[in-house]
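Me: I would like a close look at a single part of this model. Please keep the answer connected and plain.

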Amino acid sequence: MAEGDEEMPRDAKIVKSLLKSMGVEDYEPRVIHQFLELWYRYVVDVLTDAQVYSEHAGKAAIDTDDVKLAVQSKVNFSFSQPPPREVLDQ
């Protein structure tokens, strides 16, 4: 374990491990905090959407289908495909 890791929260250790697995060795310490903030915000957004879907379906609690639908809607909204080349060539 690297120096100072024993005092690091579990989620921060996971982010640090992910960065290392991707070959990222040199970064400012605040990068971990920025990833954690993004991660937490994404999870809250997904679970909030899942709660809306669950309530709309008349369910008492969120289930995996609600979470899957929320994640899929985030992916569809966040990552759009560029128009076909034929459209761009006009």
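Is serine 54 buried or exposed, and what is its relative accessible area?

Reply: The model is a predicted one. Serine 54 has a relative accessible area of 1%. Buried is the term for residues under 20%, so serine 54 is buried. This residue belongs to helix α2, which covers residues 30-56. When neighbours within four places in sequence are left aside, the contacts of serine 54 are Lys59, Ala61, Ile62 and Asp66.

Helix α2 also packs against helix α1, which is made of residues 10-21. The two axes lie 10 Å apart, at an angle of about 110°. Angles of 65 to 115 degrees count as roughly perpendicular, so that is how α1 stands to α2. On the α1 side, the residues that meet α2 are Asp11, Ala12, Ile14, Val15, Lys16 and Leu19. Their counterparts in α2 are Val31, Ile32, Phe35, Leu36, Trp39 and Tyr40. Sorted by class, this contact has ten nonpolar residues and two charged ones, with no polar residues.

Two of the α2 residues in that contact, Trp39 and Tyr40, also pair through their rings. One aromatic pair is found when the whole structure is searched. The ring centres of tryptophan 39 and tyrosine 40 are 6.2 Å apart, and because their planes are at 20°, the pair is stacked. Tryptophan 39 is partly exposed, at 31% relative accessibility. Tyrosine 40 is partly exposed as well, with a value of 41%. Serine 54, by contrast, is buried.

Technical notes: Residues numbered from 1 in each chain as written. Predicted model: local features only at pLDDT ≥ 70, side-chain atom pairs only at ≥ 80, totals over all residues. Heavy atoms only, no water. Axes fitted to C-alpha atoms, helices over the stretch in contact; angles between N-to-C directions. Helix = DSSP H or I, 4+ residues; strand = E, 2+ residues; numbered from the N terminus. Parallel < 35°, antiparallel > 145°, perpendicular 65-115°, else oblique. Contact = heavy atoms within 4.5 Å. Nonpolar A, V, L, I, M, F, W, Y, C, P; charged D, E, K, R; others polar. Phe/Tyr/Trp six-rings, centres within 6.5 Å; stacked < 30°, edge-to-face > 60°. Buried < 20%, exposed > 50% of the residue type's maximum accessible area, 1.4 Å probe, protein only.
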